[in-house]
Amino acid sequence: MLVYIWSRRNPYIRMNFFGLLNFQAPFLPWVLMGFSLLLGNSIVIDLLGIGVGHIYYFLEDVFPNQPGGRKLLATPGIFRVLFDTPQEDPNYAPLPEDQSGLSWNGQGVEDNGQGQNEEDPQGEEN
């Protein structure tokens, strides 16, 4: 299901399957199903995932954009209460970030404003 939704939302991405097969992303679920078939596995799970993915993609991305369409899938209220981001605090001020860097030897390097660092006043490289 997730592969189907991703592939439908990214239709112009070029894919390569084991260096043998080049195709656009919307064909990825079908290629994976064919590979499962070649390996002798049952394709029932693949077909179920494609079917459920298609229903979700249609209800979430296609139908709401049609004339007269609306969003039919809604997040349950309990999940919104539990997982929505908290309100922004207008008085929030982030802590200042430390702007000092590290030299290649792991020692702190401070620029004194003249293009030289504090550790090496002559400006020579280590």
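Okay, let's start with a question: is Ser7 buried or exposed? Ser7 is buried, and its relative accessible area is 0%. Keep that residue in mind, and I'll come back to its neighbours. One caveat before I go on: what you see here is a predicted model.

So, the overview. The protein has 4 helices and 4 strands. Reading from the N terminus, the order is α-β-β-α-α-α-β-β. There are 126 residues, and 13% of them count as buried. If you take the contacts with a separation of 6 or more, 20% come from residues 24 or more positions apart.

Let's go to helix α1, where Ser7 sits. The buried residues in α1 are Tyr4, Ile5 and Ser7. They cover an arc of only 165 degrees around the axis, so they end up on the same side of α1. And what lies over them? The cover for the buried residues of α1 includes α2, which is residues 28-38, and α3. As for Ser7, leaving out residues up to four places away in sequence, Ser7 touches Ala25, Pro26 and Pro29.

Next, the hairpin. Strand β1 is residues 14-17 and strand β2 is residues 21-24, and the two pair in the antiparallel sense over 4 bridges. Phe17 stands opposite Leu21 in β2. There are 3 residues between the strands of this hairpin, and Phe18 takes a positive phi there, near 55 degrees. While we're on strands, a reminder: in a regular strand the side chains alternate between the two faces of the sheet.

Both of those paired residues turn up again when we look at Val31. Val31 is in helix α2, and Val31 is buried, with a relative accessible area of 15%. Which residues does Val31 touch, not counting those up to four places away in sequence? They are Phe17, Leu21 and Phe23. Phe17 is 14 residues from Val31 along the chain, and their C-alpha atoms are separated by 8.2 Å.

Now α3. This helix has 19 residues and reaches 25 Å from its first C-alpha to its last, which is close to the 27 Å expected at 1.5 Å a residue. The buried residues in α3 are Gly49, Ile50, Gly53, Tyr57 and Glu60. Those cover an arc of only 115 degrees around the axis, and that puts them on the same side of α3. Here's the bit of helix geometry behind that kind of pattern: an α-helix has 3.6 residues a turn, so residues three or four places apart point the same way. The buried residues of α3 pack against α1 and α2. At 19% relative accessibility, Glu60 counts as buried, the cut-off being under 20%. Glu60 forms a salt bridge with Lys71, with the closest N and O atoms 2.9 Å apart. Glu60 is in helix α3 and Lys71 is in the loop between α3 and α4 (77-83), so this pair ties together parts that are 11 residues apart in sequence. Setting aside residues up to four places away, Glu60 touches Arg9, Lys71 and Leu73.

How many salt bridges does the count come to? The count is 2 salt bridges. The other pair is Arg9 with Asp61, where the closest N and O atoms are 2.7 Å apart. Arg9 is in helix α1, residues 2-9, and Asp61 is in helix α3, residues 44-62, so the pair links distant parts of the chain, 52 residues apart. Arg9 is partly exposed, with a relative accessible area of 42%.

To wrap up, back to α1 and α3. The buried residues of α3 pack against α1 and α2, and Arg9 in α1 pairs with Asp61 in α3. And Ser7, from the opening question, is buried at 0% relative accessible area. That's it from me.

Definitions and conventions. Residues are numbered from 1 along each chain as its sequence is written. This is a predicted model: local features need pLDDT of at least 70, side-chain atom pairs count only at pLDDT 80 or more; totals for chains, interfaces and linings use all residues. Side-chain values use heavy atoms; hydrogens and water are left out. A salt bridge is a side-chain nitrogen of Lys or Arg within 4 Å of a carboxyl oxygen of Asp or Glu. Buried means under 20% relative accessible area, exposed over 50%, partly exposed in between (1.4 Å probe, protein chains only). Two strands pair if DSSP finds at least two bridges between them. The arc is that of the directions from the helix axis to the C-beta atoms. Contact means heavy atoms within 4.5 Å. The expected span of a helix is 1.5 Å times one less than its number of residues.
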